[in-house]
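Here's a walk through a two-chain structure, written for someone new to reading these things. Have a look at the sequence and the model, then read on.

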Amino acid sequence: MAWLVEDRLKPYRAKRAEAYLTPEIKKLVSEKYFPRYPTKHAALLPLFHIIMHEYGYIAEQAIDEAADFLEITRAQVQDAVSFYEEFRLTPSGEYVVNVCRSIACELCGHKDIIEKIRTVFGIDPGETTADNKITLFEVECLGACEQAPCALINEDLHGCLKADDFAVRLQQLPAAASNGHGHRH
Amino acid sequence: MKPEDLASLADKQRAINAACKHRIGVCTESGCVSSQSDQIAAKFNELVKSRGLQKDVRVVGVGCMGLCGNGPMVKIDDGAPMYQNVTPEHCAAILDGLDSPLGNPQLRHLLCDLNQPFFRRQKLVVRSNSGLIDPEDINDCIAHGAYESLLKVLTELSPTDVINQITLSGLRGRGGAGFPTGLKWSTVAKAGGPSKFVICNGDEGDPGAFMDRSVMEGDPHRVIEGMAIAAYAVGADHGVIYVRAEYPLAVKRLTRAINQAMRHELLGNSLFGTRFNFNIEIRLGAGAFVCGEETALIASVEGNRGVPRPRPPYPANSGLYGCPTLINNVETYATIAPIIREGAAWFAAIGTAKSKGTKIFALTGAVQNTGLIEVPMGISLRDIVFDLGGGVPAGRTFKAIQTGGPSGGCICGQNLDIPLDYESLAAIGSIMGSGGMIVMDDTSNMVDVARFFMEFCMSESCGKCVPCRVGTWQIHHLLDRIYKGHGAPEDLVLLKELCEMVKATSLCGLGQSAPNPVLSTLRNFESDYLALIEKGRADREAALSGPHDSGTTVPLEVIS
């Protein structure tokens, strides 16, 4: 059987005309971060935090653009970005629900929460609902063990969760338009 | 800011605080906020306004008061009375009882007994202002003594004096390993180079630990002050606080604190009119536990994968961008200002011969009182669990206490009377760690606990060195097999061998300490392992000798 070789030169994905690294982002990073470090490379994490915040995920095209912008190779960017759990390479829903799977939460029933979300919304950790509203993740300790089990909905911490109540709370989350701190502009 | 401005600013704010008859402190740390403490603060403000009490009553958001399990907490004036489990409906009654020093008698069920061992046996050094000050208001912090130690250091002490003080205090790193802080500082101070860095490690990732989060949220200026003193002592002018992105509130509070400190010229150039310059920036982690390891953290700040590298060279000689770099934990920096203010001898008088001072622990799991405690080193685990913690809930019995998270071990009842210090914990196969303490009762199976921690280490292993990458996977596989009843007695020998190998040959602390939960449970709770193996064997035998139509399927590949 012949090796299947992917042609790296062909356009590997739909390229969008509009750049992910907008002039505003570039300006922010150039002014705020570049002067602080001896290399542009050092601004990689802050840059991708901005991209995550802006788009909710990191598109491949953004990695290319970042490589040019930071004056390093695409491989170097890919190497770093793929290492960190919080940098997601696929789009997330409007709400990212991070359920803590740490020891205290584990002892207090984190599995019930995941199971409930699975039955109500039909998603497993790492998946997004069909209406693109909720993406579920399991994360390491959120440092709120006294409130176990706990979860973050976007940046808000919710503690002492009961599976049924939490599912209702998720169902009642307002739709995208009124979601104050969602990403994706 | 000029040196004399700090005192006048403090006096001014104290006068403002004193002019107000009552101060209602509502806990605004992550835990209490998630149980709607922000709504309680809003309700108080609304009531104060509608009753026309604005002149006499001030509502402030304060840091953690410790008893997080009973939150939201509300503290009146400087600490008494204190209410627990408050809801917005209680606010009116609390206001009614403001003038009574014992609180509103109708709310007796909410009054927190401040004389209980949980509070009485604590010794607050790092957390002395937590729950008192408004962490979002630098003036309030200054009124409570913030930046006084920095002023003293910059105007009265030489860098060598500072390092001598820290060395004499006997302070050891609070991140877990317990390296003498004074020695680390003097190494960085002696290292040459055009620039040096000071890094604060706030990448607190141990399951069950949240001390650093609380310190960053409840008293961020104390961390900043400690870093500035450290920078002066070692000759650095740039600081980095590396915080987990999972702690959004800590990031917000620190950012705010840094901005306020810059506006007050407590960060920036020529602090207090001296030649000392110091700036701090916050860097966010991105969900990688291994970045708590110092060389991995540095790699991450430089914009790379957060993987550790072999030491030496130590960061003290070659750290961030190859420059000498001082890395300490959040709690270590937060201990500096009190040491400078009260003196090294005062600090050294607390604790044991080799472990000085106090340590914050996050007490969770099967105990009555869960939350944060700051206790003198040398206190016994028994006192923590049964006195401060109030013992395990009724109807259950104590089985083990886990310290040090995935790098620590499970301690059994027989060892509860050892003094809590770095050496004693190491001697029984655990570690001080960053301060997580999880109490387990008789319903917890130790094999399951070991398996949980190994799964964590396996998924957080960065993959750079083979013993950790492959070893943790193999150990987890074995534990899983035993837990599911497919194990054999020989597996325990193999497990132990594997653990010793991973411990001895891994590159960094993550791998070197990952086997601790397994080794300590093997030593102290071997019966749990043997019971599972025996049960599995009995089940298989019963299935084989029983009627074939029983429907039980026996996995036969199990003992491989």
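Let's start with a word we'll need a lot: two residues are in contact when they have heavy atoms within 4.5 Å. By that rule, the contact between the two chains takes 48 residues from chain B and 36 residues from chain A.

Some ground rules first. This is a predicted model, where local features need pLDDT of at least 70 and side-chain atom pairs count only at pLDDT 80 or more, while totals for chains, interfaces and linings use all residues. Residues are numbered from 1 along each chain as its sequence is written, chains are lettered from A and ligands numbered from 1 in the order in which they are written, and side-chain values use heavy atoms, with hydrogens and water left out.

**The domains**

Domain bounds here come from an automatic or database domain assignment. Chain B gets domain 1 (17-120), domain 2 (145-348), domain 3 (358-444) and domain 4 (447-536). Chain A is split into domain 1 (23-83) and domain 2 (95-171), and the C-alpha centres of those two lie 30 Å apart.

**Two interfaces**

| Interface | Area buried | Share on carbon and sulfur atoms |
|---|---|---|
| Chain B and chain A | about 3,300 Å² | 59% |
| Domain 2 of chain B and domain 4 of chain B | about 870 Å² | 79% |

How many salt bridges does the rule find between chain B and chain A? A salt bridge is a side-chain nitrogen of Lys or Arg within 4 Å of a carboxyl oxygen of Asp or Glu, and the rule finds three across this interface. Arg213(B) and Glu146(A) meet in a salt bridge, at 3.8 Å from N to O.

Helices (H or I, at least four residues) and strands (E, at least two) are DSSP runs, numbered from the N terminus. On the side of chain B that touches chain A, α2 (30-34), β7 (279-284), α13 (294-301) and α18 (446-460) each supply at least two residues. The largest share, five residues, comes from α18(B).

Inside chain B, the C-alpha centres of domain 2 and domain 4 lie 34 Å apart. Their contact takes 11 residues from domain 2 of chain B and eight residues from domain 4 of chain B. Of the area that domain 2 buries here, Pro207(B), Phe289(B) and Pro308(B) supply 52%, more than any other three residues.

**Two residues up close**

Is Cys32(B) buried or exposed? Buried means under 20% relative accessible area, exposed over 50%, and partly exposed in between (1.4 Å probe, protein chains only). Cys32(B) has a relative accessible area of 5%, so it counts as buried. You'll find Cys32(B) in helix α2 of chain B. Leaving aside neighbours within four places in sequence, Cys32(B) is in contact with residues including Gln147(A), Cys27(B) and Met73(B).

Glu246(B) sits in the loop between β6 (238-243) and α12 (248-263) of chain B. Glu246(B) is buried too, because its relative accessible area is 9%. Again leaving aside neighbours within four places in sequence, Glu246(B) is in contact with Glu86(A), Leu142(A), Leu152(A) and Gly287(B).

How values were computed:
Buried area is the accessible area (1.4 Å probe) that two parts lose on being put together, summed over both.
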